[in-house]
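Please walk me through this model.

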Amino acid sequence: MYLNQSDINKHNLQYIDQHTVGLGMLNWKWGAKKCEEVIELLQNFQVAIPSWALGAGGTRFGRFGIGGEPASLEDKISDVGLLHQLNKASGVISLHIPWDIPDDPDAIKKLAASYQIKFDAVNSNTFQDQKDQAYSYRFGSLQHTDKRVRQQAIQHNKDVIQYGEALGSQSLTVWLADGSSFPGQLNFRTAFQNTLESMHEIYAILPAKWKMFVEYKAFEPNFYSMTVGDWGQSLLYAQKLGNNAYTLVDLGHHLPNANIEQIVSLLLMEGKLGGFHFNDSKYGDDDLTVGCINPYQLFLIFTQLIEGLNAKRMNHAKDLGWMIDASHNIKDPLEDLLQSVEAIMIAYAQALLVDQDELKKAQLNNDVVTCQEILQNAYRTDVRHLVAEARVKNGGVLLPLQFYRSHSIRQKLTERRGYFTKATGL
Ligand code: LRH
Ligand code: MN
């Protein structure tokens, strides 16, 4: 759906006064120069939308349709285009194969370009059996004891790279459901070596400038061991594969109370942090709205990211893969994604307000109280007007959620697509 600029201008005029006052307060508290710096970094920051999270997902206990779901890749790109027109921070889509095979890549690229949408990492899927598949992935894919199954999974990843190349993507994300659910079921060393050998075959055909992201997960759908089960294992694969292999951190893939910001800091230090799947969770891989359960953790992660990226003189917006990975059971997927992108931009803006030099001084003096004060002074700042200003400067909407609701966009999508359309994905 293409929005009218006049509707956007009318909406922004409605809220501009309170926005100007809010921005003025922040300029007064943090200084106009600092605020300008933060706004410029926010304007360059884009978060990739997962193609598999544009419909109502569901759990094994059931699924509740939402109406107007995108039933084709074209509709999915149109929905990401809609999000990007609203927040000007969602100009990238991450596809999952075979859920989103681009039958006509040129037409898909043309449609995406009409929404200023680019293609981020492509994701392979060797965790589900496709109907025309020769061998089952019941007992794994790249780890499988049967070389024919491994070869089938390797070929799938090669096909996914080809689709990505046709669309202008430059990275492959490999998440494996491989592992075991019962003690004794698996020889861990053999499973690791089979998986590494298989990944080497995929890595060997990576196009120039491409990155390979190895995504780890502590459990599910296997519940005794996962063959890429934590950051250490993922790092081991990435180091053994080569310079273009990196780890991918999905926030929901850790055991309870894991210190994710420390993991991020060390992976960045090693030059092996490739990117993120942002979401939030209270228990397992709940794939909830970013920042809805633990926004302080998200802030702490961004604080470590900025410290590490600056230490390596890396480009915040370009040098890591910023992607959302969520699944929507009760919320409107587009509203959920608008909230998630907003939460990421807020955490990034708050972390940019942290005076890293003052923090380093206090750390060197073991002045623990001041360390906390420096962090929480930034975290307790309402930066939403900085995020909104970056959005408006990019030609977006001051309050995307208000605009989405006041223009009855879900109703319009349902009238256009019907109530029972179902999007592929989770
Ligand atoms: C696995 C995962 C992975 C995707 C899938 C949709 O839990 O996070 O990133 O392939 O979700
Ligand atoms: Mn993920």
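Cys292 is partly exposed, with a relative accessible area of 40%. Buried here means under 20% relative accessible area, exposed means over 50%, and partly exposed lies in between (1.4 Å probe, protein chains only). Cys35 falls in the buried class, at 1%. The structure holds zero disulfides; the test is a pair of cysteine sulfur atoms within 2.5 Å. In general, a disulfide is a covalent bond between the sulfur atoms of two cysteines.

A word on conventions. This is a predicted model, in which local features need pLDDT of at least 70 and side-chain atom pairs count only at pLDDT 80 or more, while totals for chains, interfaces and linings use all residues. Residues are numbered from 1 along each chain as its sequence is written, chains are lettered from A and ligands numbered from 1 in the order in which they are written, and side-chain values use heavy atoms, with hydrogens and water left out.

Now the metal. Which residues coordinate the manganese ion (ligand 2)? They are Glu215 (OE), Asp250 (OD), His277 (ND1) and Asp325 (OD), at 2.1 to 2.2 Å. Donors are N, O and S atoms within 2.8 Å of the metal (3.2 Å for Na, K and Ca); water is not among the atoms, so sites may look incomplete. The site of the manganese ion (ligand 2) has six donor atoms, and the angles among them run from 72 to 169°. That makes the site octahedral. For six donors, the label requires opposite donors over 155 degrees apart and all others between 65 and 115.

In sequence, the donor residues follow the spacing E-x34-D-x26-H-x47-D. The pair His277 and Asp325 links distant parts of the chain, 48 residues apart. His277 sits in strand 10 (residues 273-278), whereas Asp325 sits in the loop between strand 11 (321-324) and helix 10 (333-352). Helices (H or I, at least four residues) and strands (E, at least two) are DSSP runs, numbered from the N terminus. Both His277 and Asp325 are buried.

Next, ligand 1. The residues around ligand 1 include Trp52, His96, Phe127, Trp175, Lys217, His253, Asp285 and Leu426. Glu215, Asp250, His277 and Asp325 are also on that list. A residue is listed if one of its heavy atoms lies within 4 Å of the ligand. For Asp325, an N or O atom of the side chain is 2.7 Å from an oxygen atom of the ligand. For Asp250, the distance is 3.0 Å. For His277, it is 3.2 Å. The protein covers 97% of the 300 Å² of accessible area that ligand 1 has on its own. Such areas come from the Shrake-Rupley method with a 1.4 Å probe; for residues, only the protein chains shown count as cover.

Phe127, one of the residues around ligand 1, is found in the loop between strand 4 (122-123) and helix 5 (147-167). Phe127 is partly exposed, at 24% relative accessible area.

His328 lies in the loop between strand 11 and helix 10. His328 is buried, at 1%. The side chain of His328 reaches the backbone oxygen of Ala53 at 2.7 Å. Thr289 lies in the loop between strand 10 and helix 9 (295-311). Thr289 is buried too, at 6%, and its side chain joins that of Asp336 in a polar contact of 2.7 Å.

Last, the backbone. Most residues other than glycine have a negative phi, and most peptide bonds are trans. The bond from Ile97 to Pro98 is cis, with omega near 15°. Pro98 is in the loop between strand 2 (92-94) and helix 4 (105-114). The bond from Glu220 to Pro221 is also cis, with omega near 5°. Glu220 itself has a positive phi, near 75°. Glu220 is in the loop between strand 7 and strand 8, and is partly exposed, at 33%. Ser408 has a positive phi near 45°, in the loop between helix 14 (400-406) and helix 15 (409-417).

Note on methods:
Tetrahedral: all angles 85-135°; square planar, octahedral: opposite > 155°, others 65-115°. Polar contact = N/O pair within 3.5 Å; in protein donor to acceptor, adjacent residues only side chain to side chain.
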